[in-house]
Amino acid sequence: MKQIIYISLLGMLCVPSIAQTFDDCALSYHKKYNKMNFEQGRYLITRKTADSLRHVLDTELQGCILGKELPPYRLIGLSGKVYTNEDLKGKVVVFNFWSVNCGPCVLEIPVLNKLYLSYKDNNDFVFISILLEKEQELTTLLDKGLTKTRIAYEVIPDSKVIMKDTFKLIKAFPTNLFIDKEGKIFMRTTGGIVDSKDEPKLEAKLRSIIDHEL
């Protein structure tokens, strides 16, 4: 029975999506993701099977969103600066989605600081950190000294609604969306590091993606 359900779900997930926009990609993704979670919740598929299906979904999503423009957004940073789609056209933009309760997110902050500082004088590059929690929770995290350093780059706090209604696809932290100068997604990465010794590897990976578009 479980094998039949797995084959049925796999067939459903592998049906190519007719996606013209970012929202089309998001809608297709959520429908399939929720269907898979429903079947797992009923114990009709195992956790291992669900993980396998998530990988299929993630691969499909990656192919779907590449080349798509994000829906209109208006972000207000802790600096007071406002960011919109139109303002950022002509620049390579990295959106970093994270949570203060995500260990790998916190561990990667020193790497993101280094990247930001190395590109901050380049007018063609913008780095924006989109935080799930409110500013007070960020302040608490920084006061504990868990990041080894302060955050040098722009942070958009209290972004639960923004993630749900605008960016839509954030199922795991950290997630990075890379936007080219035409305002289109050219890369998406998920997952951070679990050991500070991996900082150089992560930095090299992110730097390579950025440099490819600058």
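This report describes the helix faces, nonpolar core, pockets, cavities and salt bridges of a predicted model.

## Basis of the description

Because the model is predicted, local features need pLDDT of at least 70 and side-chain atom pairs count only at pLDDT 80 or more, while totals for chains, interfaces and linings use all residues. Residues are numbered from 1 along each chain as its sequence is written, and side-chain values use heavy atoms, with hydrogens and water left out.

Helices (H or I, at least four residues) and strands (E, at least two) are DSSP runs numbered from the N terminus. Buried means under 20% relative accessible area, exposed over 50%, and partly exposed in between, with a 1.4 Å probe and protein chains only. In helix H8 (residues 160–167), the buried residues are Met163, Thr166 and Phe167. Seen down the axis of H8, these fall within an arc of 105°, so they line one face of the helix; the arc is that of the directions from the helix axis to the C-beta atoms. The face of H8 turned away from this buried side carries the exposed residues Lys160, Val161 and Lys164, and the helix is followed by Lys168, whose phi is positive, near 65°.

Helix H7 (residues 135–143) has Leu138, Leu141 and Leu142 as its buried residues. They cover an arc of only 95° around the axis, which puts them on the same side of H7, whereas Gln136 and Asp143 are exposed on the other side.

## The largest nonpolar core

A nonpolar core is a set of buried Ala, Val, Leu, Ile, Met, Phe, Trp, Tyr and Cys residues joined through side-chain atoms within 4.5 Å. The largest such core has 30 residues, of which Leu70, Phe95, Ile130, Phe167 and Leu177 touch the most other members. Two or more residues each come from helix H2 (22–41), helix H3 (47–65), strand S3 (92–98), S4, H8 and strand S6 (175–179), and H2 gives the most, with six residues.

## Pockets

Pockets and cavities are found on a 1 Å grid over the protein atoms alone: a cavity is a set of points where a 1.4 Å probe fits but cannot get out, a pocket is an open set with protein on both sides within 12 Å along at least five of seven lines, and lining residues have an atom within 4 Å of a point. Grid points are joined across faces, edges and corners, and a volume is the space filled by probe spheres set on the points. In the residue classes, Ala, Val, Leu, Ile, Met, Phe, Trp, Tyr, Cys and Pro count as nonpolar, Asp, Glu, Lys and Arg as charged, and the others, Gly among them, as polar.

The largest pocket holds about 280 Å³ of space and is lined by 15 residues, of which Lys81, Tyr83, Phe125, Val126 and Phe127 lie nearest its centre. The largest share of this lining, three residues, comes from S4, and by class the lining has eight nonpolar, two polar and five charged residues. In the second largest pocket, of about 200 Å³, H8 gives the largest share of the lining, three residues; the lining includes Lys160, Met163 and Lys164, together with Lys168.

## Cavities

Three cavities of 30 Å³ or more are found in the whole structure.

## Salt bridges

A salt bridge is a side-chain nitrogen of Lys or Arg within 4 Å of a carboxyl oxygen of Asp or Glu, and nine are found in the whole structure. One of them joins Arg207 and Glu203 (2.7 Å, N to O), which both lie in helix H9 (residues 199–213), four residues apart, about one turn of the helix. Arg207 is partly exposed at 23% relative accessible area, whereas Glu203 is buried at 14%. Salt bridges that share partners join Lys114, Glu203 and Arg207 into one network.

Another salt bridge pairs Asp165 with Lys164 (3.7 Å, N to O); Asp165 is partly exposed at 43%, and Lys164 is exposed at 64%.
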